[in-house]
Amino acid sequence: MHHINHIIFDLNSMPFVTEDEQWDNFKVIIEVLTERNYQITLIRENLKQESLWLDHPSVSVLISKQEDWKQLSQEKRLFLPNCCWITENSAFQKDLLQNQVSFG
């Protein structure tokens, strides 16, 4: 089993995070994870609240359409053994499973 230290949040598949109260809760989660030395990648079709993280050294933001798996698959750092995806996208989950990448 690999040690997970990079968490990828597919925010395109998590529409509830766009609500203000949920976004505030999500920010707290990100802050706790970064304080514990996790690398975070946020994936969204466009920058909304994610722009708050652009200057944070442990958080990266990728602009990608929800269905653009081909573009994401070119980002090899997202598929290393130390990664875990958080996504509700069943097509992404299928590909992650086939490639033995952790997801939740």
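Modeller: Helix 1 (residues 20-35) lies across strand 1, strand 2 (39-44) and strand 3, and runs at about 150° to strand 2. Helices (H or I, at least four residues) and strands (E, at least two) are DSSP runs, numbered from the N terminus. The angle, on a scale from 0 to 180 degrees between N-to-C directions, is taken between lines fitted to C-alpha atoms, for helices over the stretch in contact, where contact means heavy atoms within 4.5 Å. This is a predicted model, in which local features need pLDDT of at least 70 and side-chain atom pairs count only at pLDDT 80 or more, while totals for chains, interfaces and linings use all residues. Residues are numbered from 1 along each chain as its sequence is written, and side-chain values use heavy atoms, with hydrogens and water left out.

Biologist: In what order do the five strands form the open sheet?

Modeller: Strands of a sheet pair through backbone hydrogen bonds, either parallel or antiparallel. Here the order is 3-2-1-4-5, and the pairing is parallel. Strand 3 (59-63) and strand 5 (102-103) each have a single partner strand, so one side of each is left without a neighbour in the sheet. Two strands pair if DSSP finds at least two bridges between them. Strand 1 (residues 6-10) is joined by four bridges to strand 4 (residues 83-86), where His6 stands opposite Cys83. Five bridges join strand 1 to strand 2, and there Phe9 has Leu42 as its bridge partner.

Biologist: Which way do the residues of strand 1 point?

Modeller: In a regular strand the side chains alternate between the two faces of the sheet. His6, Ile8 and Asp10 point one way from strand 1, and Ile7 and Phe9 the other way. Five of the five residues of strand 1 are buried (under 20% relative accessible area, with a 1.4 Å probe and protein chains only), so strand 1 is largely enclosed by the rest of the structure.

Biologist: How many aromatic pairs does the structure hold?

Modeller: A pair of aromatic rings is described by the distance of the centres and the angle of the planes. Rings of Phe, Tyr and Trp (its six-membered ring) pair if their centres lie within 6.5 Å; planes under 30 degrees apart count as stacked, over 60 as edge-to-face and the rest as tilted. The structure holds three such pairs. The rings of Phe9 and Phe26 have centres 5.0 Å apart and planes at 90°, so this pair is edge-to-face. Phe9 belongs to strand 1 and Phe26 to helix 1, 17 residues apart.

Methods
Buried < 20%, exposed > 50% of the residue type's maximum accessible area, 1.4 Å probe, protein only.
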